[in-house]
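Notebook open, structure loaded. I want to go through the pocket, the core and the fold, in that order.

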Amino acid sequence: MKLDLDGKVALVTGGTKGIGRACAQALVAEGTRVAIVARTDAAITSSVAEIGCAFGMAADLSDTTPPPQW
């Protein structure tokens, strides 16, 4: 499938397993630079290498506590 996404950037939450991982893989295959977010560093590290993502970060997006002020 050609979606004309070459050179675009995408953020995929839950990108280390299931639908999120499949989405990240499909986007990378289309030439998109992909950043993935998941809850654990271990999952991020292995998934970034396996999928070929540009970046990964561990974060719990269900936590609604505001970040500390800078």
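Pocket first, so I need the term: on a 1 Å grid over the protein atoms alone, a pocket is an open set of points where a 1.4 Å probe fits, with protein on both sides within 12 Å along at least five of seven lines, whereas in a cavity the probe cannot get out. Grid points are joined across faces, edges and corners, and a volume is the space filled by probe spheres set on the points. This is a predicted model, where local features need pLDDT of at least 70 and side-chain atom pairs count only at pLDDT 80 or more, while totals for chains, interfaces and linings use all residues. Residues are numbered from 1 along each chain as its sequence is written, and side-chain values use heavy atoms, leaving out hydrogens and water.

**Pocket.** I looked up the largest pocket and got a volume of about 220 Å³. Its lining (residues with an atom within 4 Å of a point) has 13 residues, and Gly14, Thr16, Val37, Ala38 and Arg39 lie nearest the centre. I sorted the lining into five nonpolar, five polar and three charged residues. Here Ala, Val, Leu, Ile, Met, Phe, Trp, Tyr, Cys and Pro count as nonpolar, Asp, Glu, Lys and Arg as charged, and the others, Gly among them, as polar.

**Core.** Which residues make up the largest nonpolar core? I found eight: Val12, Ala24, Val34, Ile36, Ala38, Ile44, Ile51 and Cys53. A core is a set of buried Ala, Val, Leu, Ile, Met, Phe, Trp, Tyr and Cys residues joined through side-chain atoms within 4.5 Å; buried means under 20% relative accessible area, exposed over 50%, partly exposed in between (1.4 Å probe, protein chains only). Strand 2 (33-38) gives the largest share of this core, three residues. I then checked Ile44: leaving aside neighbours within four places in sequence, Ile44 is in contact (heavy atoms within 4.5 Å) with Thr16, Ile36, Val37, Ala38, Gly56, Met57 and Ala58.

**Fold.** The chain reads β-α-β-α-β from the N terminus, with helices (H or I, at least four residues) and strands (E, at least two) taken as DSSP runs numbered from that end. Strand 2 is largely enclosed by the rest of the structure, because five of its six residues are buried. Strand 1 (residues 9-13) runs parallel to strand 2, joined by five bridges; pairing takes at least two DSSP bridges. I noted Val9 opposite Arg33 in strand 2.

**Cys23.** This one sits in helix 1 (residues 18-29). I got a relative accessible area of 36% for Cys23, so it is partly exposed.
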